[in-house]
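The exercises below concern a single structure. Please study the sequence and the model before reading each solution.

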Amino acid sequence: MKREERPNEPTVCFCLWNLRRHAKYHDLLKDSVLISEQAWTKGRLYDTEDGYPALLESTEGTVYGELYLVTDEQLSRLDRLEEHEENRDNNLYDRKKKMIYHDRGETEAYTYFITKQNEFMLKTAIPSGDWKIYQFEKQKGNVLYYAYGSCMDHARFKLANVDHYFQKLIGRGILGYSLRFTKKLPDGGRADIVENGGIVEGKVYEVPRECLHYLYQREGVDIRLYRPALIDVKMDGQIVKDVLTFIVVDKDPETAPPDHYLEEIIRGGRGILSDSYISRLKEHVRTLA
């Protein structure tokens, strides 16, 4: 059955590259409804070395993007951008329905995959599966970093002999997610940000780019404990765009954190986090005990 015969069915698209927030073609999604900015699915992402990536359909690998509810007109714009036309043999991309996962559940959405005849364009694999992070990692200069768990604890920076990286504290950042303890370790849960509403308070630092090696190692990026992500945070009523943070890759059911870990969060946030936020955090942890 063609889509035209189902006018009431919502259309959802999974966007991987220059359609995402603050990117070159995001205006094509103007007035669309954002379902999730931290969405993912299976597949392999490659750099074509022509300024854009291409997604290879695969049951292996994970790719990250944003999920939008779009109109038929917006879908037509995306088709033109991706050089896709229904029932045409020489498309650059095939548009297919794919199950997309996010913190609120799962949603079937249109996703654009490189066509078989154009796989020769795939040049460099993108291990992170995230085009924005891939571009970010090639940039130069200092980095804005959002710390929200024990990563706010300056005592841990000193212990690791990296406190010199964290001398420029910009201030408190507010994120419209929830703080949850979804990474289960033998002694208890570790902090994560979950995109389901709520408020997370954290610290925004400006750090030198060489600090990324420490942050990636600490967050277990290579072994996929956490992944780097770029988020928008509110500071003093203003939105600060594309701030680096880290998000748990495979989320476990929530587990109460060990006492020492909660102490590190509170100690690290003292003087920056609001008293009401710390009180809510303590109460939440009590409900997990």
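**Exercise 1: Asp-130**

Asp-130 counts as buried because its relative accessibility is 4%, where buried means under 20% relative accessible area with a 1.4 Å probe and protein chains only, exposed over 50%, and partly exposed in between. This is a predicted model, in which local features need pLDDT of at least 70, side-chain atom pairs count only at pLDDT 80 or more, and totals for chains, interfaces and linings use all residues. Residues are numbered from 1 along each chain as its sequence is written, and side-chain values use heavy atoms, with hydrogens and water left out.

Task: locate Asp-130 and determine which residue its side chain joins in a polar contact of 3.1 Å.

Step 1. Asp-130 belongs to the loop between strand 8 (124-125) and helix 2 (131-136); helices (H or I, at least four residues) and strands (E, at least two) are DSSP runs, numbered from the N terminus.

Step 2. The partner in the 3.1 Å polar contact is the side chain of Arg-20.

**Exercise 2: helix 1**

Task: state which residues of helix 1 (residues 72-81) are buried.

Step 1. The buried residues are Gln-74, Leu-75, Leu-78 and Asp-79. They lie on the same side of helix 1, because they cover an arc of only 145° around the axis.

Step 2. The face turned away from this buried side carries the exposed residues Glu-73 and Arg-80.

Conventions:
Polar contact = N/O pair within 3.5 Å; in protein donor to acceptor, adjacent residues only side chain to side chain. Arc of directions from axis to C-beta.
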